[in-house]
Amino acid sequence: MSHNSQDPLLLIEKVLILKSLPIFRETPENILADLAPLMEEEEFEQDTLIFNEGEIGDCMYIIHRGSVRIHKGQTNLAILGDKEVFGELSLLDAETRSASATSTTDCTLFRIDQEPFYELIETRPEIARGFIKILCKRLRAQNEKTVQHQR
Amino acid sequence: MRSNRFWLNLLNIQKQEWPLVKKLFWLQFFQGAGISFFFTAEFARFLEKFPVHELPWVMVLSSLLLWLTGFAYTVLEHHIPFKKFNAAIIFFMAGTMLLVRVGSTVITDNWLYYASLAWFYVLYLLNNLEFWGIASRLFNIRQSKRLFGVVSSGDIPAKFIGYTLALIVVPYTGTLNLLLLGVISMLISIPFYRSIAKSESVHFEDVHESDRVHHSSHPVRNLYLTFVSNKIIRRIAIISLLATACVIIVNYGFYAKIKESYHNDVELAKFIAFFMAGLRIIALITKTIFTSRLTTNLGIQKSLFITPLLLLGLVSIIIGTSYFNQDERFIFFIFGASSIAVDVLRTAINSPVLLTIMQPLPIHERMRAHNIIKGIMDPFATLFSGVLLLLLLNYHGDINLLTLCYTLIILVIGWLTGIVFVNKEYVNMLVTTISSRYFSQEEFTLNDSGTLNKIKEKIEHGSEQEVLSILSMVASKQNPISIELLRLFVNHPADAVKKEAIRLVSRKNIFELQSQLKDLSGTANSRNVSKEATQAVCKLTDSLSEALFHYNQADTDIQEAAVCGMLCNKQKSIRFTAEEIIATLIRSASPEERKKALDILGIVADEYEHPLHSVLLISEKDDPLLEKGLSIIGHATSLETIKAAMQCYIQKPKLVKSALLRAGTKAVPEIENFLRHQRLSHSESTQLILLIGKIGGEEARLALGRLISEKEANLPATIKAMYRSKYKAVHASKSFLEDIARAYIRYAVELLFMQRKLQEKTPASGLLQNAIQIELTEIRELLLCLFGCIYERKNIKKSRTALMANKKETIANAMEIIEVTVKKELSKYFTAIYEDSGIEERCNALRSVYQSGEFKGIGAILDRILSEQPIIYQDWTKACSLYVAKKYAIEIDPHYCTKYLKAENPLLQETAVFASN
């Protein structure tokens, strides 16, 4: 997608990455254009701990290249790849991380911090809509599961 | 391909709808043919055997049969899955036709003639319920308007062919064997039904499951309740009854006179077949070509008037000319013409439009409405007509066409009145359908004794949260506030309730509760309650010594509360004393003292403004204190303070904007002035204009009215702000805003043509497609805001919400509301642009608006966007254009890259740099 794979991404390309994520799929690109400048690129070598379970979370990550293992101790919960997101709830609240994240390959991640995100929401509430929709969907799915379980 | 498109355009069908429309057409074709064979045979046999004055008895009998059928249908449809149920109806219709054929050879009693002809009405009803039940599930309101005429026209050629065939074969086969043709025809319709059920399986799913609609075990009672409680269904049912009665009476008069001219069943069957065939061919042309266009152009509401007005005209001609021309044949011919016209219009316009009107209703209500109209009101109309004709025959001894004309006039007047009432309710129904029904405080009053008692009970026994919410409801809705209730709130055991109640007493200046407040200021266990009570006492008291008593307490919090109260006191001497205290603090060299002053002023910001507040904003060097000074600007602020705050705008834009919003309408002239005289960036001016809209009020509306008429107006922001401020256009501004709406429609159409060009799949087109879609959505929003300012705001607001929901049904309902709310000349283009249909159809429909040639290629589109024609595109669209041009090596004028190198928006600037390298 980038003009040259080694060059840093243009803001417009970062917008397209955001748009490809489920949480921002329904947010128009012109609004995501305000979020893109908040994406900070970070490189992680293979087997680097990105964050630890129990830490206070204040940012979310988008995997641009590479893969990340989400785990509780030695138990693997998920392996995430390109264009996947983790720690997204930390953008909305500063609770402790419920699991750890470790890079399983050399990774390029984009980090979005909570503080500037909050500031952006003040002027661009539409950005929060994508989040709220996803949370509602998860809540509904969870409710549905609970009802089915009770039956 | 081209000829196919011609036919689709002629029939007003969209390409993707065609396969389904075709199948529905054939389904109705074969069923209609079967029923016309049945009718020709039984009608001719009956009239050959009995005199015409026996026909009303058939009507009476058929009404009973229809009610029974309607009842059985209503009960069974809730117990049998939709798909199976409709298949069973088709088999049942074919089976009963066969039974009549067999029965007629075995039984020769007179009753069978009556029963067989009456059965025709039952078949007609069942076919109607089955076919419209299916069609109403498959299409939304917008599609219904276009397609109901076409899909239901299947029975017209069927009847035409049926009657023509009957005309040819009846001399050889005899009338009775026509019934066998009817059975075969009915059976042929089954494969089409199955094919529809398969391809549209989603719509055929059981509603009870998918929609979680739980039906009661009393479907008939439900029908009754729907009829009684739903205004529009009741009104539609009544006009349907009157329409059916008119048609029956007109046809009866006509057939009666025909019967006098023909003396055997074959001759009679031939005439009926010939007459009916002619009738159907006219109906077919009307229905397929004119119905959808009439309903689209006239709107549903006006289309309903066509049939009764024409009937009224024709009947009036008969009555008028009967005074000069006594020739029976002349009256008979005009009566015949009325019969043809009414029959054609009823099939071609009236029935499809009546059904279309019900489309916005939720699916279960729609089905119920349909059952009421077809299963209850039509039989009632048949019974009513039968009884009326019997009474007339009894009175006159034979059929008098003039008497029938007078009867028809009365019925038509009732019909027209009914339409007026249906139309009145139509928009309400649309709005209600897309509104979520939730509890609204505006729907009840808080001052009747029953409600007051309930509230007292809740204050006594409710939880703290409940009592707090009741208190806020009472504060906002009750007028005048009951002192008795307030006393209960103030005495409530919970501190939070006490505190809120004291604030309310203070805010509303309730002097009657002063003694209770005094008690609380001295004795309350909670420090917060004590402070709140002190502040209220010092505000309400008229004694300076009492106020100073509180101010002189050792507790600094109590002192502060006392000053707060005194600043808001109506007595000048008390207020002045407090002002001096604050002035001393503000003038102090100590930042702590100044902060203390600002803390106090912050508490009373919405009630009191100190004259030195503005001075502090201008002279304060301490940054946190300046920020504090801005953040305590409230509703009571003075013009000087607002002016002083505006001077801080460049330095602290965010804080100033919040302060202006809190200041409210007083800030509007200053913002307007600022916008005119400061060189602001586009995004800053946009934010300030939107802020005016957010502040609202008459002052804001006037300012926005001035701003929009300026040459260099920031139109998108001003339009949105006007809508936000609830701007209501008056005569002069209305035409100005309509001109703006027209211009935006032209821009949107051009964007649509760009999108059509970008449909050709190239790697470059996807990104631009989406960007243009965002522009189109933005123009839609602007148009809706403009419509909200020019026309009925409430309706436009509902449409806006429905469009945002972005579901096929809600979009259709929103478009319908816009069509009935907005001026036709604007609404027709708006709906054409934003309808949920293919881009080809939309562009074809809007060809007249877009006169320029087609875009030659992507380069031409980029050129248009980057040269900012015809609108100032969003930065995102321009950035995408630059990016696409560079990435896919599309040649553009290099000037476009340099033009945006110094853009305010970092994304656009960065992309311009990328594109220019």
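This is a predicted model: local features need pLDDT of at least 70, side-chain atom pairs count only at pLDDT 80 or more; totals for chains, interfaces and linings use all residues.
**Helix packing in chain B**

Helix α44(B) packs against two other helices, as the table sets out.

| Helix pair | Axis separation | Angle | Crossing |
|---|---|---|---|
| α38(B) (residues 765-790) and α44(B) (residues 875-887) | within 9 Å | roughly 165 degrees | left-handed |
| α43(B) (residues 858-866) and α44(B) | 9 Å | about 140 degrees | left-handed |

Angles over 145 degrees count as roughly antiparallel, and α38(B) and α44(B) are therefore roughly antiparallel to each other. On the α38(B) side the contact consists of Leu767(B), Leu768(B), Ala771(B), Ile772(B), Ile774(B) and Glu775(B). These meet Trp876(B), Thr877(B), Cys880(B), Ser881(B) and Val884(B) in α44(B). Sorted by class, the contact of α38(B) with α44(B) holds eight nonpolar residues, two polar and one charged.

The pairing of α43(B) with α44(B), at about 140 degrees, is oblique. Here α43(B) contributes Leu862(B), Ile865(B) and Leu866(B). The partners in α44(B) are Thr877(B), Lys878(B), Ser881(B), Val884(B) and Ala885(B). By class, five residues of the contact between α43(B) and α44(B) are nonpolar, two are polar and one is charged.

Thr877(B), Ser881(B) and Val884(B) of α44(B) take part in the contact with α38(B) and also in the contact with α43(B).

**The sheet in chain A**

Chain A has an open sheet of four strands in the order β2-β7-β4-β5, with antiparallel pairing. The edge strands are β2(A), residues 49-51, and β5(A), residues 75-80, and each of them pairs on one side only. On average, neighbouring strands of this sheet are turned by 30 degrees against each other, direction ignored.

Leu49(A) stands opposite Thr102(A) of β7(A).

**The contact between the chains**

Where chains A and B touch, chain B supplies 12 residues and chain A supplies 10 residues. On the chain B side, α38(B), α44(B) and α46(B) (906-916) each supply at least two residues. The largest share of that side comes from α46(B), with five residues. Which classes make up the side of chain B that touches chain A? Eight of its residues are nonpolar, three are polar and one is charged.

Technical notes
Residues are numbered from 1 along each chain as its sequence is written. Chains are lettered from A and ligands numbered from 1 in the order in which they are written. Axes are lines fitted to C-alpha atoms, for helices over the stretch in contact, and angles run from 0 to 180 degrees between N-to-C directions. Angles under 35 degrees count as roughly parallel, over 145 as roughly antiparallel, 65 to 115 as roughly perpendicular and the rest as oblique. A crossing is left-handed if the near helix is turned anticlockwise from the far one by less than a right angle, and right-handed if clockwise. Two residues are in contact if their C-beta atoms, placed from the backbone, lie within 7 Å. Ala, Val, Leu, Ile, Met, Phe, Trp, Tyr, Cys and Pro count as nonpolar, Asp, Glu, Lys and Arg as charged, and the others, Gly among them, as polar. Two strands pair if DSSP finds at least two bridges between them.
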